[in-house]
Amino acid sequence: MDEIDSETISNRFNDSLHVGNTSTVDRDHGHVYKSNSYVSLFFLLLSIAIHIAIIQAVYSRKVLSKPNYHLMVNIAFSNIMLALSIIISTLIALIGPGAKVVPFIYTLLCKIFVILPLYWSNIALILTLVLASIERYKFVTRSTRPLTKRKIKNYSILIWTIALLASFPFTLTAGSIHSTCIPFNQLTPFLK
């Protein structure tokens with residue numbers, strides 16, 4: 001059986017999951033095809049613009065001022081945060097190898113600007129969807145006490161606080177290997 005070194009495993013891991021790197025890499029020739037990254041950046045920026053329009057519509061239109069629409073704002077905000085995290089991850093992957101950044105600084109950038117917002121927004125999104133499901137279920141089964149804007153605001157603060165606390169393990173154990181941000185870096189010694 002052939003021996004596989006840690007760099008080969010890391011390359012296969014990165015190619016299969018595309019963690020922190022949305023560019024297509026031809027490892028045999030060392031080319032990074034940046035066109036895929038630019039297309040991804042375009043659609044991510046378009047997504048951010050659409051979600052900002054949703055937030056603006058909810059706060060400016062009287063018809064959309066119902067409390068359940070404020071859950072949509074929460075979802076839109078978490079999607080904006082996720083898109084920004086992916087954009088920063090892509091920029092770090094494109095700029096990082098050529099910039100000769102100190103590994104400690106690179107890992108710090110990965111933790112603060114990629115891993116933390118990525119997991120924070122995903123967990124907040126999931127919790128918001130769970131809250132919206134519970135709210136819809138209660139509305140259909142017993143519509144005696146509908147949610148108010150104040151309750152939605154309090155629930156949103158609670159959701160984002162829980163999501164922040166739940167994202168800390170991912171952030172603390174994250175690292176970077178071969179210009180790629182990886183959560184649980186310390187728990188995956190085979191990638192080093």
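The questions below take these topics in turn.

Reader: How many helices and strands does the protein chain have, and in what pattern along the sequence?
Author: This is a predicted model. The protein chain has five helices and four strands. Read along the sequence, they give α-β-β-α-α-α-α-β-β.

Reader: In which element is confidence lowest, and in which is it highest?
Author: The mean pLDDT of the protein chain is 77. Residues at 70 or more make up 73% of the chain. Strand β1 (residues 24-26) is lowest, at a mean of 44, and the highest is α5, at 91.

Reader: Are α4 and α5 parallel, perpendicular or oblique to each other?
Author: Helix α4 covers residues 103-141 and helix α5 covers residues 149-172. Their axes lie 8 Å apart, at an angle of about 140°. Over 145 degrees would count as roughly antiparallel. The two helices are therefore oblique.

Reader: What classes of residue make the contact of α4 with α5?
Author: From α4 come residues including Ile115, Trp120 and Leu127. From α5 come others, among them Ile159, Trp160 and Phe170. By class, the contact has one charged, four polar and 17 nonpolar residues.

Reader: What percentage of the residues is buried?
Author: The protein chain has 192 residues. Buried means under 20% relative accessible area. The buried share is 38%.

Methods:
Residues numbered from 1 in each chain as written. Predicted model: local features only at pLDDT ≥ 70, side-chain atom pairs only at ≥ 80, totals over all residues. Heavy atoms only, no water. Axes fitted to C-alpha atoms, helices over the stretch in contact; angles between N-to-C directions. Parallel < 35°, antiparallel > 145°, perpendicular 65-115°, else oblique. Contact = heavy atoms within 4.5 Å. Nonpolar A, V, L, I, M, F, W, Y, C, P; charged D, E, K, R; others polar. pLDDT = per-residue confidence, 0-100. Buried < 20%, exposed > 50% of the residue type's maximum accessible area, 1.4 Å probe, protein only.
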